[in-house]
Structures are given as C-alpha cells and as structure tokens.
Amino acid sequence: PFLCEVHDPSKISLDWENTEYRWFSPEDIGGLDTVPGLEEVYERVSRIPFEKEVLRFVQELKNDRESGARQLAYKALLFLAGSVRSSNAARASVLLDDLFHACHEIAGARSSMSMIPTTLELLQRDMRSFSSFDIRGALSEVSLLIKGHVGEMDASLDAAAGWLEKVIVPGSAVLLHSYSSSLIHALPMLKHKGCSLIVTESRPGFEGRATARVAADMGLPVRIVTDACAADELRKADAVLMRVDTIEIDGSVVGKAGSSRIAMAAHALGVKVYFMGEVRKINISGRPADLEEYDRAEVWDDPPAGIDIGNLYFDRTPAGFITGIVLEKGIAEPGRIGEIARSMLAFGGSA
C-alpha cells in the first residue's frame with residue numbers, strides 16, 4: 001500500500017486486477033474486507049499520528065501551570081523543530097500544511113499568553129516563502145528558520161535587560177511580582193547595581209518563592225512578602241518590575257494575577273512601574289486576550305454551598321498605571337504599543 005493524492009478522479013483507470021473502485025473515509029477502513037493490516041499502514045503514512053501528537057502537546061501546554069509565556073512559546077518552537085525532523089512528508093507543500101495545522105492548534109492553547117500565537121504567526125509568515133522548495137530543501141530551510149526564531153528569542157532577553165539597566169538607579173529597592181524568564185534574566189543586572197529586592201509570594205502558585213530563591217542564590221538581599229502586603233511594602237520601593245504574558249494594542253498588559261493592584265498602588269505612591277516584555281508578547285491579533293481561570297479547588301477545595309469561587313491566574317493592568325514596557329529595542333511608553341504592532345519589522349527580521 002502507498003498513500004497518494006488524486007487530483008483528477010476521472011482519470012482513474014482499472015486494469016485486469018480490478019473490478020471496481022469506491023471512495024471511503026479513512027475511519028471506514030476497519031470495517032472493510034481489505035488486504036491484511038491496511039488500516040495500520042494507512043494510519044502510519046497519514047497525518048493521524050501527527051495530529052494526535054499535536055493534540056497531546058496542546059494539552060501539555062494547557063496543563064502547564066509553572067512555565068511562563070516565553071517558556072511555552074519556546075517549547076512550541078522546539079516541538080515544531082522536532083516535527084520537522086520526524087516528518088514523513090514527500091513534498092514541501094505537505095510539510096507546510098502539517099506545520100500550519102500544528103501552529104493553528106497550538107496558538108489557541110493558552111488564551112492569556114499572546115507570545116505563543118504571535119511567535120507562531122511570525123514563523124508562518126516566514127514559512128510561506130518556502131512553498132517552492134523541494135522537500136529536502138524545505139526540511140532544511142524550515143529547520144534553520146525555527147532555529148533563527150529561537151535565537152532571536154534568546155537574544156531578546158539580554159537586549160531587554162540592557163535597556164532596563166538604563167532606568168534602574170544604583171542601590172534601588174525593587175519590588176518583583178511573580179516569576180518569568182525575563183525577570184530572572186534581569187537579576188544579575190540588579191545585583192550589579194547593588195539593588196535589594198522585595199518579592200511577592202504571587203498566589204496562586206507561589207512562584208514568587210522561586211524568584212526569591214534564585215535571587216538569594218545570586219547573593220541579592222531579598223525580602224519575600226504576601227501579596228496582600230505588597231501595597232504597604234511599596235512605600236519602601238523605588239521601582240516595580242513585573243512579568244508580561246500579553247501586551248495589548250492599547251498598551252494595557254496581561255500578567256500574573258495581582259499585577260494590576262500593585263501597579264495601581266505604585267502609581268498612587270509615585271513609584272515607577274515597569275513590565276518586562278518583548279515584541280513577541282504583543283497581541284497582534286487585535287482581539288483582547290482572555291484571562292485564564294483554573295481549578296476552583298486551588299482556592300477552596302470544600303466550600304460551603306452557595307459560594308462562587310474565582311481562581312484567575314492573570315489580570316489586566318491599564319496603560320495609565322504603567323511607566324514603561326521593557327522590550328528588546330527599548331522601553332516603550334504604553335501609548336506606542338499600537339504603533340509597534342503595526343510595524344513589527346522595526347523590531348526584528350522575522351516579522
């Protein structure tokens with residue numbers, strides 16, 4: 001058996017080995033009288049195993065409560081790179097069709113994290129230029145392209161930390177909320193500047209503890225506090241630094257739950273508020289990101305009847321409470337995000 005595409009069914013002709021032909025849906029093969037093992041052979045050469053693997057990966061992303069937007073976008077690129085290496089596509093168009101299918105499914109895995117769909121959209125724009133390559137050329141070029149996107153993501157961390165360094169005053173007390181690759185990447189610079197840290201627990205999940213642990217291991221002075229105490233602790237802070245999961249076109253930011261309350265309190269006290277982001281976290285779809293809500297049992301596993309429980313992991317901070325959004329090409333005022341979204345080429349070759 002072999003798998004092929006029939007572009008013009010009227011040109012099918014039978015020889016002495018055949019009496020008739022009919023079309024069947026793949027799911028009907030198991031109920032037919034066929035050569036032995038045809039159903040198993042079809043599944044191996046079809047896209048069914050790949051689609052199952054994509055669904056498994058999407059579910060993995062949905063269940064991941066520890067990784068931030070950047071880490072999950074990174075995992076998505078690595079998944080696609082692995083898919084290219086294991087592809088059995090015979091033509092470039094089939095390879096691209098498989099990858100576009102995967103990008104579409106993965107893009108919707110985490111509604112609060114626009115870095116995933118934005119990264120995949122930028123990748124798809126680049127992949128469309130490879131449709132004329134033969135399969136060997138396409139496999140090689142797409143692998144190099146994915147590697148290039150991974151490299152750009154890695155470089156953006158250093159670049160963003162470099163811009164942040166320009167606005168952090170030596171010896172500052174900086175309040176950090178939550179955990180992210182970007183925040184952790186800024187810690188060496190904060191240590192070099194002689195800063196001390198106030199770190200919130202960041203409930204639910206308590207990932208602030210991981211931030212505090214890493215900072216302490218680096219030798220930074222760290223004080224960890226409950227989220228509820230953040231507003232009072234801000235009286236001792238010179239700046240606030242928080243993670244970004246999505247940057248909306250209007251300059252508002254979707255981040256870890258509690259971010260908006262901290263930003264509002266800081267604004268009232270005259271403390272500067274910075275969100276560590278990157279261009280790939282801009283929500284270029286134009287549709288506001290949904291705020292993800294998780295298992296209510298994490299808040300109260302056995303509540304009395306009649307009590308409604310909310311367990312939002314994210315909230316939205318209005319642009320008016322944000323001093324700047326740290327990107328790899330500079331610190332953008334929230335009002336500039338729409339302009340940047342319309343001109344992504346200004347921030348990198350991938351767009």
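What pLDDT does the protein chain average, and which residues does helix H5 meet in helix H6?

Reply: The model is predicted, and the protein chain has an average pLDDT of 91. Of its residues, 97% score at least 70. Residues 345-351 have pLDDT under 50; for this stretch the model has 14 contacts beyond four places in sequence.

Now to the helix pair. Helix H5 covers residues 115-127 and helix H6 covers residues 135-165. Their axes come within 11 Å and cross at roughly 140 degrees. Since angles over 145 degrees would count as roughly antiparallel, H5 is therefore oblique to H6. The crossing of the two helices is right-handed.

On the H5 side, the contact is made by Met115, Thr119, Leu122, Leu123, Asp126 and Met127. These meet Val142, Leu145, Ile146, His149 and Met153 of H6. By type, the residues of this contact divide into 8 nonpolar, 2 polar and 1 charged.

Glutamate 121 also lies in helix H5. With a relative accessible area of 27%, glutamate 121 is partly exposed, because that value falls between the 20% limit for buried and the 50% limit for exposed. Leaving out residues up to four places away in sequence, glutamate 121 touches Arg128 and Ile284. The C-alpha atom of glutamate 121 is separated by 9.8 Å from that of arginine 280, a residue 159 residues apart from it along the chain.

Terms used: Residues are numbered from 1 along each chain as its sequence is written. This is a predicted model: local features need pLDDT of at least 70, side-chain atom pairs count only at pLDDT 80 or more; totals for chains, interfaces and linings use all residues. Side-chain values use heavy atoms; hydrogens and water are left out. pLDDT is the predictor's confidence in each residue, from 0 to 100. Contact means heavy atoms within 4.5 Å. Axes are lines fitted to C-alpha atoms, for helices over the stretch in contact, and angles run from 0 to 180 degrees between N-to-C directions. Helices (H or I, at least four residues) and strands (E, at least two) are DSSP runs, numbered from the N terminus. Angles under 35 degrees count as roughly parallel, over 145 as roughly antiparallel, 65 to 115 as roughly perpendicular and the rest as oblique. A crossing is left-handed if the near helix is turned anticlockwise from the far one by less than a right angle, and right-handed if clockwise. Ala, Val, Leu, Ile, Met, Phe, Trp, Tyr, Cys and Pro count as nonpolar, Asp, Glu, Lys and Arg as charged, and the others, Gly among them, as polar. Buried means under 20% relative accessible area, exposed over 50%, partly exposed in between (1.4 Å probe, protein chains only).
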